[in-house]
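I set out to record what I looked up about the helices and the core of this model. My entries follow the order in which I consulted the structure.

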Amino acid sequence: MTTTPSPAAGAANEALAPVAAAQRVFRWHDHASLWFSLGVGLLVMQVGAYLMPALSPREALAAIVAGSAVGAGLLGWVAKIGCDSGLASAGLMHAVYGRRFAALPIVLNIVQLVGWGTFELVVMRDATLAIARQSDAMAGAAWAVPATLLWGGVVVLLLSGSMVQLVRRIIARVALPLVVLSLLWLTWQFAALAQAQGLAELWRRPGAGGMGVMAALDLVIAMPISWLPLVADYARHGTSGRTALRATWAGYALANMWCYGLGVLVALVLPSQDLVTALLLAQGGLIALSLILIDEVDNAYGDAYSGAVSAHALRPRTSVRRFGILIALLCTGLALLLPMHSLEPFLLLLSSVFVPLFGVVLGRLAGGAAARVDLARAAPVHWPAVLLWLAGVAFYHAGPRLLPGMGATLPTLALCLLLSWATRERAARPAMV
């Protein structure tokens, strides 16, 4: 296991040092714009379409609203901890799990971020080829390589600049209005199609079965949960913890509800169509989908940037910017070589370790400001937190068998959070290794 430097010895380690007050510039609009933009994506719409026809529209809507509110609320909670402490996710892991052991979850986080960054490039490539085929261009399979290189190059270019300026000048001012207009247009088009088919009848359509409401809730929460290891990397640049919480919650919850709901709507009115093809069939769908596709770049950027912050925590001599470019190049190469759609179950399995991981983090650092103190006095290994995390991983996979129909995410989060909170005083004592 890689040994990370102690806080005292790592003054140049940006991931383990609180962000200076002069660099804390994110306000409500910045947080909300970033997380609304990150919440919008073709993957989210596709997962929303999976809820049909197993559930009725009413059941799907209930799962989407409840899952988005809970999942985005957890994101906002971690955002507040990151903003109050000024620490990145790697710093929070060091504070909770110990300076030496934290290397393990940090490495796992880098692996999953490389995987999801690669998957985002594959999604963008496939959507680009679908758009091109619709306009009778780039029809051959050979165009997959230049399309992948194109989007990988865009991510590399963005990573060579400033993350703060990207959020404030490009996402908040340019990308956000365009993607909102695209979602409004697509929603209007498919709502009109639903109205033509009989909206009241569609609304009363029963579910076909095969998925319960709790399983659907688990599926909806999965998207915001996947961002938990990243949110503090951005929130630490905020001026107020409460603002970071509310804005992150509002921005992501709205985007998640909207995209899941749009996926359900598309599946209702065009159940036999591929989602991207269905979006292209809408009037003006080519333009709207193209704008959403461009907005998808920030998802790949977010994965690469946070992966770079985590890698920098392990090797501070290499800058975050250089690590970001290296990770983006790695993702591009993997997107050209690996059958990413067949690797999706592995990525979801790997992501499952971060549900209990951040359940323990939330239970230990709910106050936020104490994270700096915990980091400064962190022992090499905090065994109580480590054992709670490992028990949570086991429960995540065994829980659905023990409690059928209850899902895995919410019970695991609740268990880890409550146990971590209840044992917080004992875990605050110096740990012996």
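Helices here are DSSP runs of H or I of at least four residues, numbered from the N terminus. The model is predicted, so I note that local features need pLDDT of at least 70, side-chain atom pairs count only at pLDDT 80 or more, and totals for chains, interfaces and linings use all residues. Residues are numbered from 1 along each chain as its sequence is written, and side-chain values use heavy atoms, with hydrogens and water left out.

Entry on α15. I looked up its length: α15 has 18 residues and reaches 26 Å from its first C-alpha to its last, close to the 26 Å expected at 1.5 Å a residue. I then listed its buried residues (buried means under 20% relative accessible area, with a 1.4 Å probe and protein chains only): Val320, Phe323, Gly324, Ile327, Ala328, Cys331, Thr332 and Ala335. Their cover includes α5, α6 (144–159) and α14.

Entry on Ala328. This residue of α15 (residues 320–337) counts as buried because its relative accessibility is 2%. Leaving out residues up to four places away in sequence, I found Ala328 touching Val155, Val156 and Leu159, where contact means heavy atoms within 4.5 Å. Ala328 and Gly152 are 176 residues apart in sequence, yet 6.6 Å apart in space, C-alpha to C-alpha.

Entry on Asn299. I located Asn299 in α14 (residues 297–314). Asn299 counts as buried because its relative accessibility is 4%. Not counting residues up to four places away in sequence, Asn299 touches Ser37, Leu38, Val40, Glu120 and Trp227.

Entry on the core. A nonpolar core is a set of buried Ala, Val, Leu, Ile, Met, Phe, Trp, Tyr and Cys residues joined through side-chain atoms within 4.5 Å. The largest has 141 residues, and Trp35 and Leu42 are among those with the most contacts inside it. Helix α5 (residues 103–134) gives the most to this core, with 14 residues. Beyond its neighbours within four places in sequence, Trp35 is in contact with Leu75, Trp227, Val231, Tyr234, Thr248, Gly251 and Tyr252.

Entry on α3 and α9. I found α3 (residues 57–85) and α9 (residues 213–226) packed at an angle of about 35 degrees, with axes 8 Å apart. Axes are lines fitted to C-alpha atoms over the stretch in contact, and angles run from 0 to 180 degrees between N-to-C directions. Among the contact residues are Ala63 and Leu75 of α3 and Leu217 and Ile221 of α9.

How values were computed. Buried means under 20% relative accessible area, exposed over 50%, partly exposed in between (1.4 Å probe, protein chains only). The expected span of a helix is 1.5 Å times one less than its number of residues.
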